[in-house]
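Dear colleague,

Please find below the structure that I am handing over to you. A summary of the findings comes after it.

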Amino acid sequence: MKDNYFIIIIYGIALTVGSFFILFNPHTYGPWGFDGYDTLAWNMVKGNGYSFNASEPYDLTAFRLPGYPLIVAIIYKIFGHNYLPVHIFQVFLNAFICVIIFYIVKEVYSKKVAYFSSVVVAICSISNVYVSTVVTEVTAVFLLTLHTLLFILGYKHNSTKFYMLSGAV
């Protein structure tokens, strides 16, 4: 099977599994977990600063890093205060993880092991569970796997470009 066809198939499988978790296994939201990132993002959209407080006074915080809440804030700014667009974004990001895993394993081991690994990640990855939440896990795993792939490519090709991209991620 050509790699391109396999990538499309595995991406589709991962999208299907992720969509299942959004539709049939949504997570409830609770204090200092799922709600925290949502509140930070929504406060940024409303101009209330980087605060966990849902109402005045909006005490600023440095308890959480701003990367993920900023991504969620951008999604909220475009689509309004709605969890579904965030979940859909995370499903697509999570499906890319399977593709990145394929390329990592192909570079380090073999194409046969890469096929198997990406199928396992598409179906059984713990990050599938987190697509239906507003937490950092899917984004963090995506960035970590992307960094790993770029670093491996930098090492294999002795390329400063890949090392720089890896560091930027």
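The notes below go from the overall fold to individual residues.

This is a predicted model, in which local features need pLDDT of at least 70 and side-chain atom pairs count only at pLDDT 80 or more, whereas totals for chains, interfaces and linings use all residues. Residues are numbered from 1 along each chain as its sequence is written, and side-chain values use heavy atoms, with hydrogens and water left out.

Overall fold

The chain contains seven helices and zero strands, and its pattern along the sequence reads α-α-α-α-α-α-α. Helices (H or I, at least four residues) and strands (E, at least two) are DSSP runs, numbered from the N terminus. The C-alpha trace spans about 55 × 40 × 25 Å along its principal axes. Of the 169 residues in the chain, 41% are buried; buried means under 20% relative accessible area, exposed over 50%, and partly exposed in between, with a 1.4 Å probe and protein chains only. Contact means heavy atoms within 4.5 Å. Among contacts between residues at least 6 apart in sequence, 62% join residues at least 24 apart.

Surface and charge

The chain exposes about 9500 Å², and carbon and sulfur atoms supply 69% of that area. Accessible areas come from the Shrake-Rupley method with a 1.4 Å probe; for residues, only the protein chains shown count as cover. The chain has 9 positive and 7 negative charges, whose mean positions are 19 Å apart. Lys and Arg count as positive and Asp and Glu as negative, while His and the chain ends are not counted; the place of a charge is NZ of Lys, CZ of Arg, CG of Asp or CD of Glu.

Aromatic rings

The structure holds 11 aromatic pairs. Rings of Phe, Tyr and Trp (its six-membered ring) pair if their centres lie within 6.5 Å; planes under 30 degrees apart count as stacked, over 60 as edge-to-face and the rest as tilted. Tyr37 and Tyr68 form an edge-to-face pair, at 5.4 Å centre to centre and with 90° between the planes. This pair links distant parts of the chain, with Tyr37 in helix 2 (residues 34-46) and Tyr68 in helix 3 (residues 67-79), 31 residues apart. Both Tyr37 and Tyr68 are buried. Ring pairs also link Phe6, Phe102, Tyr103 and Tyr115 into a cluster.

The charged end of Lys161 sits over the ring of Phe162, 5.0 Å from its centre. The criterion is that NZ of Lys or CZ of Arg is within 6 Å of the ring centre and within 35 degrees of the ring normal.

Asp3 lies in helix 1 (residues 3-24) and is buried, with a relative accessible area of 13%. Apart from neighbours within four places in sequence, Asp3 is in contact with Phe102, Lys106, Lys111 and Tyr115. Asn94, in helix 4 (residues 83-108), counts as buried because its relative accessibility is 2%. With neighbours within four places again set aside, Asn94 is in contact with Ser127, Asn128, Val131 and Val138.

Backbone geometry

Most residues other than glycine have a negative phi, and most peptide bonds are trans. The peptide bond from Glu56 to Pro57 is cis, with omega near 0°; Pro57 is found in the loop between helix 2 and helix 3. Asn158 is not a glycine, yet has a positive phi of about 50°. Asn158 lies in the loop between helix 6 (137-157) and helix 7 (160-168) and is exposed, with a relative accessible area of 66%.

Yours sincerely
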